[in-house]
Amino acid sequence: MLTFAIFSLLLHFAMQASSPLDQVFQYIDEHQDDYVQHLKEWIAIQSESANPTKRGDVIQMMQVVGETIKRLGGTVELAAMGVEELPSGQIIPLPPVVLGKLGKDPNKTTVGIYGHVDVQPARFEDGWSTDPYLLTEKDGNLYGRGSSDDKGPVLAWLHAIEAFQALKQELPVNLKFIFEGMEESGSKGLDELLKAKNETFLSTIDYIVISDSAWLHKKPVLTYGTRGLCYFIVEVQCANQDLHSGLYGGTVHEAMTDLIALLDSLVNSTGHILIPGIDSDVVPLTNEERVLYEAIEFNLEAFKHTIGTTELLHKTKEDVFLHRWRFPSLSIHGIEGAFSGPGAKTVIPAKVKGKFSIRLVPNMDPDKLSNQVMTYLNEVFAARGSPNQMQVALESGSKAWVAHATDKQYDAGRRAISKVFGVEAELIREGGTIPVVRTLQDTTQKSVMMLPIGSPDDHIHSQNEKLSRGNYINGTKLFAAYIAEISQL
């Protein structure tokens with residue numbers, strides 16, 4: 001009897017191990033070195049969308065993505081996006097958007113996948129430990145610009161699809177791809193393209209999934225909200241050219257002095273934004289919502305260690321979550337026109353530009369916020385009595401995004417995470433801004449979910465960006481599991 005029970009148990013495990021999805025997982029494990037090599041090839045393309053001299057690299061990257069989808073049997077449209085005029089007046093082409101299709105069975109669910117393959121600028125001399133465009137593996141991590149944001153996740157989706165095909169398994173869903181090359185530079189023209197394609201390319205999509213964010217710590221998450229963003233430039237001019245401080249110091253109203261006063265008037269030492277009325281449209285926090293944040297695992301000491309600080313603005317994890325995800329925040333980013341090189345230069349800059357942004361939350365509106373900011377700064381400047389010229393401009397604005405985390409797609413995401421990682425997914429919001437998420441949800445009126453595979457210590461947009469090999473390979477399995485789970489809805 002005992003022998004038969006053991007035999008039955010072994011048979012059960014053998015059957016489990018031979019399930020189609022387990023075979024996909026095994027295939028992914030066996031080909032992980034190939035996947036790392038593919039990522040190395042993609043990282044080598046310096047697709048910096050903000051750098052006009054690299055525009056050809058971005059266009060090349062889009063072509064590589066399109067060819068990869070074609071090799072999987074898909075069809076591809078490289079949607080033309082027109083041109084971009086630089087401040088110098090030079091006209092350069094915008095990179096095309098890859099619109100891909102794989103499968104058209106009317107009896108299957110159709111999933112739309114969004115990603116981007118442009119990257120933030122990176123130079124070794126900026127403080128990188130390795131060449132940012134030569135993927136380098138060290139201590140289980142894959143270092144390179146774009147490894148986590150967002151070339152690694154995009155490749156993981158394509159590798160998951162390839163695994164099904166290599167095993168002669170029929171893909172259980174239809175897939176549509178939206179991959180762009182200007183996400184790091186404002187996604188110029190993408191909103192208009194998506195709205196134009198809503199009645200055609202987008203019309204058959206049932207669910208949309210995006211992998212362009214990160215976990216909160218070492219536990220997988222599903223992200224159901226992001227903050228919006230308004231980016232401002234305030235300019236002050238005091239002269240027609242830079243002045244020698246020994247000859248003119250003490251005789252002119254200096255532009256830098258005015259600018260510092262304006263920037264200092266925006267936020268206090270506790271992080272509180274001083275612009276009147278800015279909180280008037282923020283959705284009130286409920287007790288039910290606060291309870292959600294209490295259940296999330298988070299180590300404040302580890303968080304401080306990761307970012308290299310000794311003290312945070314807030315003392316509890318719940319308050320950190322609220323001010324990172326749920327409330328607006330203001331950050332000052334830099335000053336253009338002022339001397340910032342090494343050594344000493346005794347110059348009074350003729351014109352300086354301060355750059356700051358405000359992260360928006362539901363239900364803040366970028367246009368209303370812009371009016372509040374401009375009115376406030378004009379009042380502060382007038383109170384100084386300065387004769388200098390001052391102007392404020394909104395460079396870009398986007399609203400916050402929140403999804404219904406109780407819809408069926410999130411159930412599929414939870415099951416996929418449980419299947420691959422053996423844990424329950426945490427539901428979180430994201431403090432950053434990904435405008436296309438809101439655009440896709442508003443345009444298609446379909447469920448949108450963020451399914452990240454990056455870690456919070458991946459240093460995206462910073463020196464030494466990386467993606468762990470474990471997250472890259474297990475993330476590929478996660479996407480395969482998601483495809484299987486979403487097909488059952």
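Asn-363 lies in the loop between strand S15 (351-360) and helix H12 (366-384). In this predicted model, a cis peptide bond joins Asn-363 to Pro-362, with omega at about 0°. Most residues other than glycine have a negative phi, and most peptide bonds are trans.

**Cis peptide bonds**
- The bond between Pro-362 and Asn-363 is cis.
- Asp-149 and Asp-150 are also joined by a cis peptide bond, and its omega is about 10°.
- Asp-150 has its place in the loop between strand S7 (141-143) and helix H5 (151-166).

**Positive phi outside glycine**
- Lys-168 is a residue other than glycine with a positive phi, near 60°.
- The loop between H5 and strand S8 (174-180) holds Lys-168.
- Lys-168 counts as exposed because its relative accessibility is 78%, where exposed means over 50%.
- His-461 also has a positive phi, near 70°.
- His-461 is in the loop between strand S19 (447-450) and strand S20 (466-468).
- With a relative accessible area of 43%, His-461 is partly exposed, because that class runs between the 20% and 50% limits.

**Nonpolar surface patch**
- Leu-247, Tyr-248 and Val-252 make a nonpolar surface patch of about 280 Å².

How values were computed: Residues numbered from 1 in each chain as written. Predicted model: local features only at pLDDT ≥ 70, side-chain atom pairs only at ≥ 80, totals over all residues. Heavy atoms only, no water. Patch = residues over 30% accessible without salt bridge, like charges linked within 9 Å, V, L, I, M, F, W, Y side chains within 5 Å. Areas by Shrake-Rupley, 256 points an atom, 1.4 Å probe, with all protein chains shown as cover. Salt bridge = Lys/Arg side-chain N within 4 Å of Asp/Glu carboxyl O. Helix = DSSP H or I, 4+ residues; strand = E, 2+ residues; numbered from the N terminus. Buried < 20%, exposed > 50% of the residue type's maximum accessible area, 1.4 Å probe, protein only.
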